Amino acid sequence: MNKNKIALITGATSGIGMATAKLFAQNNINLVLCGRRQERLDTLKRELEKEVAVHTLTFDVRNKTTVLAQIESLPNNFKDIDILINNAGNAHGLEPIQDGSLEDWDAMLDINVKGLLYVSKAVIPNMIAKKSGHIINIGSTAGKEVYPKGNVYCASKHAVDAINQGMRIDLNPYNIKIGAVNPGMVETEFSEVRFKGNTEKAAKVYQGFKPLQPEDIADIIHFVVTRPYHVNIADLVVMSTAQASSTIVNKN
Ligand code: NDP
Ligand code: 8X3
């Protein structure tokens with residue numbers, strides 16, 4: 001294996017994570033790709049290992065024992081992770097707080113917040129030992145403002161915002177770069193998951209304007225990880241031109 005950097009990307013089976021994996025591969029960054037959907041990981045591995053070294057890990061970020069064991073099980077040539085993209089996450093439901101489902105609340109807090117923590121817990125010790133590394137936390141505009149019916153999803157992304165700041169403070173003595181990328185509406189499987197497979201309802205979210213594409217966010221993530229080491233993009237918000245806030249979108 002060459003001396004390329006190694007990036008571990010969670011949520012690499014779809015959307016922003018998959019687009020980032022593809023762009024990283026084009027730019028000679030070796031990959032540890034994570035997700036639950038093994039078939040998609042296998043397909044992506046077959047495609048990207050023509051360009052770089054690729055290893056896949058299949059786990060649910062909610063299962064802390066598995067997360068720690070899987071990352072510990074990485075072969076030696078993939079263990080030394082330089083870049084962690086904490087991307088796995090989703091919204092489940094869009095209801096006023098009084099109508100929200102307990103299962104949806106558990107899913108969002110367990111995946112978006114606790115899952116991100118478990119993965120970070122597994123990766124950070126090596127970064128501390130070598131006094132270098134870069135963690136990018138994928139937050140959201142939902143982590144910057146709360147919108148109607150967004151309640152718990154917004155809470156989970158506000159937590160990511162707080163964790164991003166906390167990581168930057170606590171890991172500062174160890175020369176580790178920490179930053180968040182907070183997108184507005186991106187056309188991925190996000191709304192399909194939020195609306196539990198209702199593709200018609202999901203498609204409507206992105207109708208009447210040009211939403212961000214996962215490749216737009218991948219491009220920004222790649223920019224963030226390719227700055228000189230003394231430059232850390234700490235917190236970045238990106239929306240489509242048509243979007244002014246979570247609730248103001250110029251639709252025609
Ligand atoms: P997608 O639904 O397209 O992708 C979500 C990814 O997360 C999938 O690869 C999925 O993999 C993974 N994932 C979900 N649940 C779990 C789990 N329990 N364990 C492991 N992996 C999991 O959505 P996006 O690409 O849009 O979302 C990526 C990130 O971007 C999320 O954190 C989301 O909150 C954030 N975001 C999205 C925006 C949007 O408008 N789309 C805007 C702002 C932020 P698998 O199902 O195989 O496990
Ligand atoms: C995803 C963006 O506005 O759907 O985080 O919450 S939004």
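Which helix gives the most to the lining of the largest pocket? Helix H7 does, with 4 residues. This is a predicted model, in which local features need pLDDT of at least 70 and side-chain atom pairs count only at pLDDT 80 or more, while totals for chains, interfaces and linings use all residues. Residues are numbered from 1 along each chain as its sequence is written, chains are lettered from A and ligands numbered from 1 in the order in which they are written, and side-chain values use heavy atoms, with hydrogens and water left out. Helices (H or I, at least four residues) and strands (E, at least two) are DSSP runs, numbered from the N terminus.

**The sheet**

- An open sheet is formed by 7 strands in the order S3-S2-S1-S4-S5-S6-S7, with parallel pairing; two strands pair if DSSP finds at least two bridges between them.
- Strand S3 (54–58) and strand S7 (235–238) are the edge strands, each pairing on one side only.
- From one strand to the next, the twist averages 15 degrees; axes are lines fitted to C-alpha atoms, for helices over the stretch in contact, and angles run from 0 to 180 degrees between N-to-C directions.
- Strands of a sheet pair through backbone hydrogen bonds, either parallel or antiparallel.

**Strand S5 and its partners**

- Strand S5 (residues 134–138) runs parallel to strand S6 (residues 177–183), and 5 bridges join them.
- Ile138 stands opposite Val181 in S6.
- S5 also pairs with S4 in the parallel sense, over 4 bridges, and Ile135 in S5 is the bridge partner of Leu84.
- S5 is largely enclosed by the rest of the structure, because 5 of its 5 residues are buried; buried means under 20% relative accessible area, exposed over 50%, and partly exposed in between (1.4 Å probe, protein chains only).
- His134, Ile136 and Ile138 point one way from S5, Ile135 and Asn137 point the other way, and all are buried.

**Salt bridges**

- Side chains of opposite charge can pair when their charged atoms come close.
- The structure holds 10 salt bridges, a salt bridge being a side-chain nitrogen of Lys or Arg within 4 Å of a carboxyl oxygen of Asp or Glu.
- Glu49 and Lys45 form one of them, at 3.0 Å from N to O; Glu49 is partly exposed at 39% relative accessible area, and Lys45 is partly exposed at 24%.
- Asp82 and Lys130 form another, with their closest N and O atoms 2.9 Å apart.
- Asp82 lies in the loop between helix H4 (76–79) and S4 and Lys130 in helix H5, so the pair ties together parts that are 48 residues apart in sequence.
- Asp82 is buried at 19% relative accessibility, whereas Lys130 is partly exposed at 27%.
- A salt bridge of 3.2 Å, N to O, joins the side chains of Asp161 and Lys144.
- Asp161 is in helix H6 and Lys144 in the loop between S5 and H6, so this pair ties together parts that are 17 residues apart in sequence.
- Asp161 counts as buried at 14% relative accessibility, and Lys144 as partly exposed at 34%.
- Arg37, Arg40 and Glu189 are joined into one network by salt bridges that share partners.

**The largest pocket**

- About 1,100 Å³ of space lies in the largest pocket; on a 1 Å grid over the protein atoms alone, a pocket is an open set of points where a 1.4 Å probe fits, with protein on both sides within 12 Å along at least five of seven lines.
- Grid points are joined across faces, edges and corners, and the volume is the space filled by probe spheres set on the points.
- The lining has 50 residues, of which Gly89, Asn90, Tyr153, Thr188 and Phe190 lie nearest the pocket's centre; lining residues have an atom within 4 Å of a point.
- Helix H1 (15–26), strand S2 (30–35), H6 and helix H7 (190–194) each supply at least two residues of this lining.

**Leu212**

- Leu212 is found in the loop between helix H8 (199–205) and helix H9 (214–225), and counts as buried at 8% relative accessibility.
- Leaving aside neighbours within four places in sequence, the contacts of Leu212 include Gly184, Ile217 and Val238.

Terms used: Contact means heavy atoms within 4.5 Å.
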